[in-house]
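I opened my notebook for a structure that is new to me.

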Amino acid sequence: MTAREREVLRLIARGLTNFDIAEELGLGVAMVKTHVRRLLDKLDAHDRAQLVIVAYETGLVSAAGRMGPA
């Protein structure tokens, strides 16, 4: 997973929409969608909810809402 994909995954886990992620990272919505598709493929996830689970299980984000190590 690339550093950008990790960043997108953290923001998905925080509940941001593709539009919100695009604004936060200064990207186009189409690029965010590309990153989401790549994450779904790489992590063998079926939807964003499964991506959030992976983010928590791997410690990328914590239940306290803080971001884990990069």
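Is R6 buried, partly exposed or exposed? I found R6 partly exposed, at 27% relative accessibility. My cut-offs: buried is under 20% relative accessible area, exposed is over 50%, and partly exposed lies in between (1.4 Å probe, protein chains only).

A note on the source: this is a predicted model, where local features need pLDDT of at least 70, side-chain atom pairs count only at pLDDT 80 or more, and totals for chains, interfaces and linings use all residues. Residues are numbered from 1 along each chain as its sequence is written, and side-chain values use heavy atoms, without hydrogens and water.

I placed R6 in helix 1 (residues 3–13). Helices are DSSP runs (H or I, at least four residues), and strands are runs of E, at least two, numbered from the N terminus. R6 and A55 lie 49 residues apart in sequence, yet 8.8 Å apart in space, C-alpha to C-alpha.

Next I looked at the whole chain. I noted four helices and zero strands. Buried residues make up 34% of its 70 residues. The C-alpha trace spans about 30 × 25 × 20 Å along its principal axes.

Then I turned to surface charge. E7, D20, E23 and E24 gather in a negative patch. Helix 2 (residues 18–25) gives the largest share, three residues. I found E23 in helix 2, exposed at 55%.

How values were computed:
Patch = residues over 30% accessible without salt bridge, like charges linked within 9 Å, V, L, I, M, F, W, Y side chains within 5 Å. Areas by Shrake-Rupley, 256 points an atom, 1.4 Å probe, with all protein chains shown as cover. Salt bridge = Lys/Arg side-chain N within 4 Å of Asp/Glu carboxyl O. Lys, Arg positive; Asp, Glu negative; His and termini not counted. Charge placed at Lys NZ, Arg CZ, Asp CG, Glu CD.
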